[in-house]
Amino acid sequence: MSANPFAASATRPTIALAMGDPAGVGAELTAKLLCLDEIRAAANIVVFGDRRILEEGAKIAGVALDISYVAPDSEFGATNGPVFVDLGHLSPLDVKRGEATAVGGAFALKNFRRALTMAHDGKADAVCFTPFNKKAMRYVYPGYDDEIRFISEVIGFSGHAREFNILENLWNARVTSHIPLSEVASAITAEGILSELALTDRTLRNAGFDNPRIAIAALNPHAGDGGNFGKEEINVIEPAVQKGIERGFNVSGPYPADTVFVRAKNGAFDAVLTMYHDQGQIAMKLMGFDRGVTLMGGLPFPVCTPAHGTAYDIAGRGIANIGASREAVLLAARMALKKAG
């Protein structure tokens with residue numbers, strides 16, 4: 001590939017799109033994305049996958065593809081539409097629809113690695129991917145626990161990154177993520193909250209928010225009820241919020257977790273920083289499961305994906321909703337443009 005494969009259309013960012021687990025809805029979502037005029041206008045899309053899997057997905061989705069296919073190591077420049085890099089590494093005959101398998105995991109991992117490498121080499125401005133299945137990934141990469149760790153290993157990143165869940169203009173960040181619930185309280189520190197607050201503020205600004213309003217969720221019921229239901233709010237969270245204010249962040253809280261998202265949904269906040277994974281995930285997915293986006297924030301380039309999973313139960317039926325995948329690509333494009341501009 002050339003150093004700038006889309007020099008003729010440099011006003012649009014280039015997004016490397018990795019096809020996800022082939023046993024789920026990823027192929028049909030990819031095909032639908034490539035046919036959306038809004039997506040084609042927003043970015044130059046370079047897809048990594050297998051042409052046969054994509055064409056099977058297009059057949060399921062009922063769409064006609066208009067894209068350019070290139071071999072894995074081809075030189076290519078700007079075209080009138082998306083470019084598909086055909087890695088030729090999986091036949092549809094080897095896909096067990098609705099089942100996590102090693103071949104499916106290997107397919108997704110290779111696509112993801114190629115997309116990340118393209119961005120790391122400066123040939124793409126952002127990365128997107130259709131849903132992965134972690135069980136399938138671990139069949140071939142036992143250490144795969146989440147996307148951020150894998151991304152960091154592939155590109156040699158040693159900084160601080162975190163998942164953000166986004167529903168239109170409402171963002172959810174978190175202090176702890178993929179750890180057992182029994183370990184959450186002991187893992188929450190004032191320093192940890194301030195670190196995540198700083199990352200949340202910076203990532204929101206990179207997405208176009210001038211002075212993001214960030215609410216801090218409490219850990220305990222009724223925000224601890226003055227210490228009756230736990231003292232983490234008094235001893236850890238409230239002091240962290242005060243330090244955040246002193247450092248110039250537009251932050252407030254802690255607020256009871258069962259009401260803070262109601263206020264946020266009604267426009268009081270731009271983001272809610274929660275204490276653990278499901279505290280925010282449940283609220284966000286209830287509000288818009290088919291539109292939510294997951295962003296890996298803090299990395300050298302945006303990495304976005306739909307917040308939903310592989311949807312094995314509806315794979316192959318042609319009914320997968322394109323909403324979240326569409327929003328993921330558009331968010332990546334907006335963030336890439338802002339960074340460039």
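Visitor: Which ring does Arg51 lie over, and at what distance from the ring centre?
Guide: This is a predicted model, and the values that follow are computed from it. A charge counts as sitting over a ring if CZ of Arg is within 6 Å of the ring centre and within 35 degrees of the ring normal. Arg51 lies over the face of Tyr69, and the distance from the ring centre is 3.7 Å.

Visitor: Over which ring does the charged end of Arg263 sit?
Guide: The charged end of Arg263 is placed 4.8 Å from the centre of a ring, and that ring belongs to Tyr255.

Visitor: How are the rings of Phe112 and Phe150 arranged?
Guide: The count of aromatic pairs comes to 11. In the pair formed by Phe112 and Phe150, the ring centres are 5.7 Å apart and the planes stand at 20°. Planes under 30 degrees apart count as stacked, and therefore the pair of Phe112 and Phe150 is stacked.

Visitor: How many residues apart in sequence are the parts that this pair ties together?
Guide: Phe112 is buried, at 0% relative accessibility, and Phe150 is buried as well, with a relative accessible area of 2%. Phe112 belongs to helix α4 (residues 102-120), whereas Phe150 belongs to helix α6 (residues 147-155), so the parts that the pair ties together are separated in sequence by 38 residues.

Visitor: How are the rings of Phe129 and Phe132 arranged, and which cluster do ring pairs link?
Guide: The centres of the rings of Phe129 and Phe132 lie 4.2 Å apart with the planes at 5°, so this pair is stacked. Both Phe129 and Phe132 are buried. The cluster linked by ring pairs consists of Phe112, Phe129, Phe132, Tyr141, Tyr144 and Phe150.

Visitor: Why is α6 described as largely enclosed, and what do its buried residues pack against?
Guide: Of the nine residues of α6, seven are buried, so the helix is largely enclosed by the rest of the structure. The buried residues are Glu147, Ile148, Phe150, Ile151, Ser152, Val154 and Ile155. They pack against α4, β5 (126-129), α5 (134-140), β6, β11 and β12.

Visitor: Which element supplies the largest share of the lining of the largest cavity?
Guide: There are two cavities of 30 Å³ or more, and the largest has a volume of about 70 Å³. The residues that line it are Asn165, Ile166, Leu167, Gln281, Met284, Lys285, Gly288, Phe289, Gly292, Val293 and Ala307. At least two lining residues come from each of β6 (162-167) and α11 (277-288), and the largest share, four residues, is supplied by α11.

Visitor: Which element gives the most to the lining of the largest pocket?
Guide: The largest pocket has a volume of about 330 Å³, and of the 21 residues that line it, the closest to its centre are Lys134, Glu147, Pro306, Ala307 and His308. At least two lining residues come from each of β6, α11, β11 (293-297) and β12 (303-306). With three residues, the element that gives the most is α11.

Visitor: What kind of peptide bond joins Gly253 and Pro254?
Guide: Pro254 is placed in strand β9 (residues 251-255). For the bond between Gly253 and Pro254 omega is about 0°, and the bond is cis.

Note on methods:
Residues are numbered from 1 along each chain as its sequence is written. This is a predicted model: local features need pLDDT of at least 70, side-chain atom pairs count only at pLDDT 80 or more; totals for chains, interfaces and linings use all residues. Side-chain values use heavy atoms; hydrogens and water are left out. Rings of Phe, Tyr and Trp (its six-membered ring) pair if their centres lie within 6.5 Å; planes under 30 degrees apart count as stacked, over 60 as edge-to-face and the rest as tilted. Buried means under 20% relative accessible area, exposed over 50%, partly exposed in between (1.4 Å probe, protein chains only). On a 1 Å grid over the protein atoms alone, a cavity is a set of points where a 1.4 Å probe fits but cannot get out, and a pocket is an open set with protein on both sides within 12 Å along at least five of seven lines; lining residues have an atom within 4 Å of a point. Grid points are joined across faces, edges and corners, and a volume is the space filled by probe spheres set on the points. Contact means heavy atoms within 4.5 Å.
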